[in-house]
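A reader meeting a structure for the first time may want to know what stands behind each word used to describe it. The questions below take such words one at a time.

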Amino acid sequence: MTLMENRTEVTEFLLLGLTDDDPHLRVPLFMTFLLIYTITVVGNLGMILLILLDPRLHTPMYFFLGNLSLVDFCSSSTVTPTVMAGLLLADKVISYNACAAQMFLFAALVTVENYLLASMAYDRYAAVCKPLHYTTTMTTSVCAGLVLGSYTCGFLNAALHIGDTFSLSFCNSSVIHHFFCDIPAVMALSCSEKHHNELVLVYVATFNIFFALLIIWISYVFIFITILRMHSSEGHRKAVSTCASHLTAVSIFYGTIIFMYLQPSSSHSMDTDKVASVFYTMVIPMLNPMVYSLRNKEVKSAFLKVKSRLVTCGFAMSLQTCQGPFRDKNRLPDFH
């Protein structure tokens with residue numbers, strides 16, 4: 001039997017999901033993930049809308065934040081609706097092509113976020129350490145180049161992993177011990193020799209992760225050196241608070257990614273991977289708008305401004321609707 005014949009035997013996969021052992025958890029988990037996804041959609045799309053509407057947020061920092069929000073929204077939408085559909089309908093079958101598409105999109109978006117985080121760290125370095133040269137350092141072309149480079153690396157990385165994973169034969173089992181088509185979980189199903197493929201996964205993931213971490217690490221070393229040289233206590237407090245929030249989110253993101261991808265699939269505990277995967281597929285996209293933006297005074301001010309504008313417009317439209325018939329019939333009250 002040829003390799004192509006082996007591969008064509010599997011036309012769909014079965015996702016065991018999170019509740020393969022306890023179906024009674026389906027409804028609570030569905031409600032939890034629905035809440036998380038709703039907050040994710042509102043938070044990330046709301047952040048993008050604020051950045052577009054308020055000219056004060058048209059700066060390099062918020063340009064990166066807007067792209068991060070877009071990536072978080074897309075990555076969560078790639079996985080979470082499928083998980084919720086499986087919990088609600090108990091239909092966890094996914095076609096071969098749909099599995100490949102989900103894997104490609106998620107791998108691409110996670111890699112884009114990886115490099116966006118590095119770009120944001122460099123942006124903070126330029127703002128804190130080189131404030132007088134910030135506008136000439138973080139020009140429009142530089143920011144666009146960093147974001148475009150992040151997306152290019154993401155989609156090239158995803159294409160490499162898709163080819164690496166789906167070049168394997170799947171002839172023994174089509175049951176994926178996961179709630180989405182993640183690379184290690186799908187690779188573990190292969191009945192062919194996959195040592196080379198696992199090495200490709202580990203080496204490429206290692207390069208992507210540690211290259212971005214190196215940029216983040218170097219940026220923050222210089223930032224902390226600059227903070228220590230500051231004489232203003234207010235400057236100390238503001239800089240440390242900003243860095244602490246960013247580093248917390250970075251630690252969660254990279255800690256989970258390193259745990260998931262920098263070990264051979266044969267050494268994975270699928271149940272442990274499921275729990276860890278919930279963080280970077282659902283929780284982190286929900287938290288990022290709050291961690292990076294909602295604590296920011298400029299974002300709060302922009303939100304209040306847009307809210308006030310919407311309330312004013314709504315009141316004006318309501319008043320016009322209510323008074324319209326009276327104007328038409330000359331029945332406005334006369335107070336003179």
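## What the terms rest on

The protein chain has eleven helices and three strands. This is a predicted model, in which local features need pLDDT of at least 70 and side-chain atom pairs count only at pLDDT 80 or more, while totals for chains, interfaces and linings use all residues. Residues are numbered from 1 along each chain as its sequence is written, and side-chain values use heavy atoms, with hydrogens and water left out.

Q: How does the reach of helix α2 compare with its expected span?
A: The expected span is 1.5 Å times one less than the number of residues. Helix α2, residues 26-53, has 28 residues and reaches 40 Å from its first C-alpha to its last, which is close to the 40 Å expected.

Q: Why is threonine 40 called buried?
A: A residue is buried under 20% relative accessible area, exposed over 50% and partly exposed in between, with a 1.4 Å probe and protein chains only. Threonine 40 has 1% relative accessibility, and therefore counts as buried. Threonine 40 lies in helix α2, whose buried residues also include Phe30, Phe33 and Asn44. Over the protein chain, buried residues make up 44% of the 336 residues.

Q: Which residues does threonine 40 contact, leaving aside its neighbours within four places in sequence?
A: Contact means heavy atoms within 4.5 Å, and threonine 40 is in contact with Asp72, Ser76, Met282, Pro285 and Met286, its neighbours within four places in sequence being left aside.

Q: Why is threonine 135 called exposed?
A: Threonine 135 has a relative accessible area of 63%, so it is exposed.

Q: How are helices α4 and α6 placed relative to each other?
A: Two packed helices are described by the angle between their axes and the distance between the axes. Axes are lines fitted to C-alpha atoms, for helices over the stretch in contact, and angles run from 0 to 180 degrees between N-to-C directions. The axes of α4 (residues 96-129) and α6 (residues 140-165) come within 7 Å and cross at roughly 145°.

Q: How many nonpolar, polar and charged residues does the contact of α4 with α6 have?
A: Ala, Val, Leu, Ile, Met, Phe, Trp, Tyr, Cys and Pro count as nonpolar, Asp, Glu, Lys and Arg as charged, and the others, Gly among them, as polar. By these classes the contact of α4 with α6 has 17 nonpolar, six polar and no charged residues.

Q: Why is alanine 158 called buried?
A: Alanine 158, found in helix α6, has a relative accessible area of 0%, and is therefore buried. Not counting residues up to four places away in sequence, alanine 158 touches Phe104, Ala107 and Ala108.

Q: What makes a set of residues a nonpolar core, and how many residues has the largest one?
A: A nonpolar core is a set of buried Ala, Val, Leu, Ile, Met, Phe, Trp, Tyr and Cys residues joined through side-chain atoms within 4.5 Å. The largest has 56 residues, and those with the most contacts inside it are Phe33, Ile216 and Tyr254. Helix α4 gives the most to this core, with twelve residues. Apart from it lies another core, of 23 residues, among them Val10, Ile162, Leu168 and Met187.

Q: Why is asparagine 197 called buried?
A: Asparagine 197 has a relative accessible area of 7%, so it is buried. Asparagine 197 is found in helix α8 and touches Asp164, Ser167, Leu168 and Met187, not counting residues up to four places away in sequence.

Conventions:
Helix = DSSP H or I, 4+ residues; strand = E, 2+ residues; numbered from the N terminus.
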